[in-house]
Amino acid sequence: MQGLSKQETLATLRARIETLEKRPLLAGASSAPAADTPDRFVLPSSTMHEIFTDAPRNAGATLGFSLAATRGLLSANRPVVLYLQLAGETAETGLPYAPGFLSFGIDPDAVILIRVETIVQLLWAAEEALACHAVAAVIADICSDPKAMDFTASRRLGMRATEAGGTFLLLRYGLGRTATAARLRWHIMPEISGEKAYDAKAPGDSRWRLKLEKGLWRGKPNEEWLLSWTGNGFDILPLPDTDRAPAAAPLPRALPSPMGHRLSQTA
């Protein structure tokens, strides 16, 4: 998008989206949002979400979760996902691996990747994309904490998402982020993958630890889940038992350590 005016950029994006609207959905993709049931997790639509993790090293897991979440938002009427990055930050987070989209049931051709030079350009592109009724979700991946990404700017994006029926996912990193107007804020951490059938040592289904830190989901605040991705969406798994065994009582006196394997201390 470098070297193009806003009008030319907008015209290019509209032409790309019109082409995508005419494409059939990926085989197996749902034509309607996934059902929200007690044993399934579905990201609420038509709103703004802040999805953050503690460090950039978790960028892959965070993007994977975000892409998986948009799978349930895609439909015949909204077949497009926009992924926005600052060009100077791609060295930190990398670029999405298009064939990997297939593991989340997303056609790579349905994802439009936009890299811009400044945060002002990114905010403008996000707001314009959210106003397009063919866009299911806009993912903005921002590593830094730019001044322009303030509460007012995020409130504009949240209002635009609600008005147009789109979904905005703001990906952030670190603990020093500026507060946003996101209706829901999620803290995400990668988890060890599930076991693969017939090969317990191979990585299986992707898993994440997810905690709601702002807002209500299913009428509850501060919830926490262990999620596993399947071909049909997120399964909610039981949280592992975090209770620890009590510490052993200290020894009454110092004991000499063994001198060697199977050797007596008096030998």
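Ten strands form an open sheet with mixed pairing, in the order β1-β12-β11-β10-β7-β2-β6-β5-β3-β4. At its edges stand β1 (40-41) and β4 (111-116), each with a single partner strand, so one side of each has no neighbour in the sheet. The model is predicted: local features need pLDDT of at least 70, side-chain atom pairs count only at pLDDT 80 or more, and totals for chains, interfaces and linings use all residues. Residues are numbered from 1 along each chain as its sequence is written, and side-chain values use heavy atoms, with hydrogens and water left out.

**Overall composition**

- The protein comprises five helices and twelve strands; these are DSSP runs numbered from the N terminus, helices being H or I of at least four residues and strands E of at least two.
- Buried residues make up 41% of the 267 residues, where buried means under 20% relative accessible area, exposed over 50%, and partly exposed in between (1.4 Å probe, protein chains only).
- Of the contacts with a separation of 6 or more, 75% are between residues 24 or more positions apart; a contact means heavy atoms within 4.5 Å.

**Strand β2 and its partners**

- Strands β2 (residues 48-53) and β6 (residues 167-173) pair in the parallel sense over six bridges; two strands pair if DSSP finds at least two bridges between them.
- Within this pairing, Met48 stands opposite Phe168 in β6, and the bridge partner of His49 in β6 is Leu169.
- β2 also runs parallel to β7, joined by four bridges, with Trp186 in β7 as the bridge partner of Ile51.
- Six of the six residues of β2 are buried: Met48, Glu50 and Phe52 point one way, and His49, Ile51 and Thr53 the other way.
- In a regular strand, side chains alternate between the two faces of the sheet.

**Strand β5 and Asp141**

- β5 runs parallel to β3, joined by six bridges, and Val81 stands opposite Ala137 in β5.
- β5 and β6 pair in the parallel sense over five bridges, and the bridge partner of Asp141 in β6 is Leu171.
- Seven of the seven residues of β5 are buried, and Asp141 is located in this strand.
- Asp141 is buried yet has no salt bridge; the nearest side chain of opposite charge, Arg172, is 8.0 Å away. For charge, Lys and Arg count as positive and Asp and Glu as negative, while His and the chain ends are not counted.
- The side chains of Asp141 and Tyr83 make a polar contact of 2.6 Å; such a contact is a pair of N or O atoms within 3.5 Å, and within protein one must be able to donate a hydrogen and the other to accept it, with residues adjacent in sequence counting only if both atoms are side-chain atoms.
- Leaving aside neighbours within four places in sequence, the contacts of Asp141 include Leu84, Glu89, Thr93 and Tyr173.

- Ser46 lies in the loop between β1 and β2 and has a positive phi of about 60° although it is not a glycine. Its relative accessibility of 28% makes Ser46 partly exposed.
- Gly166, in the loop between α5 (151-164) and β6, is buried at 1% relative accessibility.
- Leaving aside neighbours within four places in sequence, Gly166 is in contact with residues including Ser46, Thr47 and Arg78.
- The C-alpha atoms of Gly166 and Ala129, 37 residues apart along the chain, are separated by 8.9 Å.

**Salt bridges**

- The whole structure holds six salt bridges, each a side-chain nitrogen of Lys or Arg within 4 Å of a carboxyl oxygen of Asp or Glu.
- Arg40 pairs with Asp235, the closest N and O atoms being 2.3 Å apart. This pair links strand β1 to strand β12, 195 residues apart.
- Arg156 and Glu127 form a salt bridge of 2.7 Å, N to O. Arg156 lies in helix α5 and Glu127 in helix α4 (residues 119-130), so the pair ties together parts 29 residues apart in sequence.
- Arg172 forms a salt bridge with Asp145, the closest N and O atoms being 2.8 Å apart. Arg172 lies in strand β6 and Asp145 in the loop between β5 and α5, so the pair ties together parts 27 residues apart in sequence.
- Arg172 is buried at 0% relative accessibility, whereas Asp145 is partly exposed at 35%.
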